[in-house]
Amino acid sequence: AVPEKKSMIIDPCYRPYRPRVTVRGLLLPEGGEGGDRLVAFVQGYEGGYPWYPHPWMMGQRDDVEDLRPILSGYGTTHVKVYDTSQMRDVTNDDGDVIRTELVQVSEAELPGQYQNGRSIGNRIHAVTTSNVDTYYHLERHFSRWNEEFQGKSKEDYRKEARNMAGDVAEKFVDRLLEEIKVHHGDDGGTSACEDIVKLSIFQTGELDPTAHDWWSGRGVLGGLSEVTSFDISEDPAVKDDDSGLGVLQAKTATAFVPNSWSTNLYVRDDVLLLATTGYDSHPKLEYVQSTFIYAYRLPGREDAGGAVTSAAKAIGVGKVPGTMINQYSMDLWEDHLRVATTVPARWGCVDKEGKEIDDEPWDWEWSRGCSWERVWGPHNAITILKVPQPGEPIATVATGGDRKKWRGLLEETGRTPHLGKPGESITAVRYDEERAYVVTFERIDPFIIVNLTDPTFPNATGELEIPGWSNYL
């Protein structure tokens, strides 16, 4: 059984969770056909709070796994739309006016936790995320410490795990898709599946053993990101039976992401870019923090008003090494995306000659006379990616010396050398068409000008040392 959208399962041993209602975001779009609008994203309503059954329930209830959801968003996001041209007096029992408030005209409920939102004219595009519980519903079934695997050899364990993998994975996928449909308010149709970015888009084929893998840890199933689009220009025709308010007609696009808590959003014209942090496995460094980027084509550009009839369409994915400081680290100029990132420093055990000790130094570092020092980085760069345009041929990716076709790749065209002095990290970025202005910092505050005219050869053209600390340009 799949938990209903508005249900919340409460452990009887604890008090009910009562989330605090907070305003997570406000948008004030330009006036539309339906009058001036204020859009509020409110967090903390019922539903979505993850519930963890106690161990004593595991052996006493057969429905524990059914009760625990795969998707948990720590609450539901409510959208409230107000008409700023209308005010209403609120009176007490004696008829005295105690406050004046805006008139609410419509509302909607979004799955998961609100991350960010943008308005383009009358169209609103909001991003929410939910955590994906892969451990309880998938990974724990294959734990080497499970009772059914005790006393078995490594070969027997692997054989039994393979035999049960198909059934466990199928059950997990079916349950996950059903919960996504509940998130979307789908009544069992195919719209939810059509608007989910296919996992196969993240596969690049056979990689060279020395190359970075795309994912490590829980991989792309770390979280679920949903881009919801709706129009606020007119009062919706559909009304809520209880409140009488209009119900916004929204469409949602879904993608799996490495995590559910780190999201940056950039919107320009009809392109929405969603960036999240993950980890790239590396043969020597074990892992490198990376930024994974999802590109969407937004709906309704040709239609100035009216309800949104289709969800945003994913047009590509890409990645750059390192992490961004904020949304201003991204910029779209013509058909190229520029991303400023810092790969964090790596620390290790260094001997007296300044060389890193690679062979398990943890038990021997002090006795061998090594010290814990920075051995690499940080490294700052601006990476340029090509964003696919409508009608363009599909991109390609190099795999093992051959060029294989891969639909939906944000292909890297160029990257700057290290920006700043050794040991410095990016603290502020500002783009101005074919230039970027970057501030790095460790002890002083260099101001760097980067020429981005040629997407295949971005390069620093000037530098100025400024006293103090800059974190915004």
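Colleague: Which residues of the largest nonpolar core touch the most other members?

Modeller: Bear in mind that this is a predicted model. Strand E7 (123-132), helix H4 (154-184) and strand E13 (286-297) are among the elements that each supply at least two residues of this core. Of the 30 residues in the core, those that touch the most other members are Phe-172, Leu-176, Ile-180, Phe-256, Leu-272, Tyr-294 and Tyr-296.

Colleague: What does Leu-272 touch, not counting residues up to four places away in sequence?

Modeller: Leu-272 is one of the residues that touch the most other members of the largest nonpolar core. Leaving aside residues up to four places away in sequence, the residues that Leu-272 touches are His-125, Val-227, Leu-265, Tyr-266, Val-267, Tyr-294, Ala-295, Tyr-296 and Leu-298.

Colleague: Are the rings of Phe-41 and Tyr-114 stacked or edge-to-face?

Modeller: Phe-41 belongs to strand E2 (residues 37-45) and Tyr-114 to strand E6 (residues 113-120), so that the pair links parts of the chain 73 residues apart. Both Phe-41 and Tyr-114 are buried. The ring centres lie 4.4 Å apart and the planes meet at 15°, and because planes under 30 degrees apart count as one class of pair, Phe-41 and Tyr-114 are stacked.

Colleague: Why is the pair of Phe-149 and Tyr-157 edge-to-face, and at what angle are their planes?

Modeller: Phe-149 counts as buried at 0% relative accessibility, and Tyr-157 also counts as buried, at 16%. The centres of their rings are 4.9 Å apart. Planes over 60 degrees apart count as edge-to-face, and the pair is therefore given that name, since the angle between the planes of Phe-149 and Tyr-157 is 85°.

Colleague: Which residue lies over the face of Tyr-136?

Modeller: The residue in question is placed 4.2 Å from the ring centre of Tyr-136. That residue is Arg-140.

Colleague: What is the mean pLDDT of the protein chain?

Modeller: In the protein chain, 70% of the residues reach a pLDDT of 70 or more. Over residues 47-61, however, the pLDDT is below 50, and it is also below 50 over residues 397-405. For the protein chain, the mean pLDDT is 76.

Technical notes:
Residues numbered from 1 in each chain as written. Predicted model: local features only at pLDDT ≥ 70, side-chain atom pairs only at ≥ 80, totals over all residues. Heavy atoms only, no water. pLDDT = per-residue confidence, 0-100. Contact = heavy atoms within 4.5 Å. Phe/Tyr/Trp six-rings, centres within 6.5 Å; stacked < 30°, edge-to-face > 60°. Helix = DSSP H or I, 4+ residues; strand = E, 2+ residues; numbered from the N terminus. Buried < 20%, exposed > 50% of the residue type's maximum accessible area, 1.4 Å probe, protein only. Lys NZ or Arg CZ within 6 Å of the ring centre and 35° of its normal. Core = buried A, V, L, I, M, F, W, Y, C linked by side-chain atoms within 4.5 Å.
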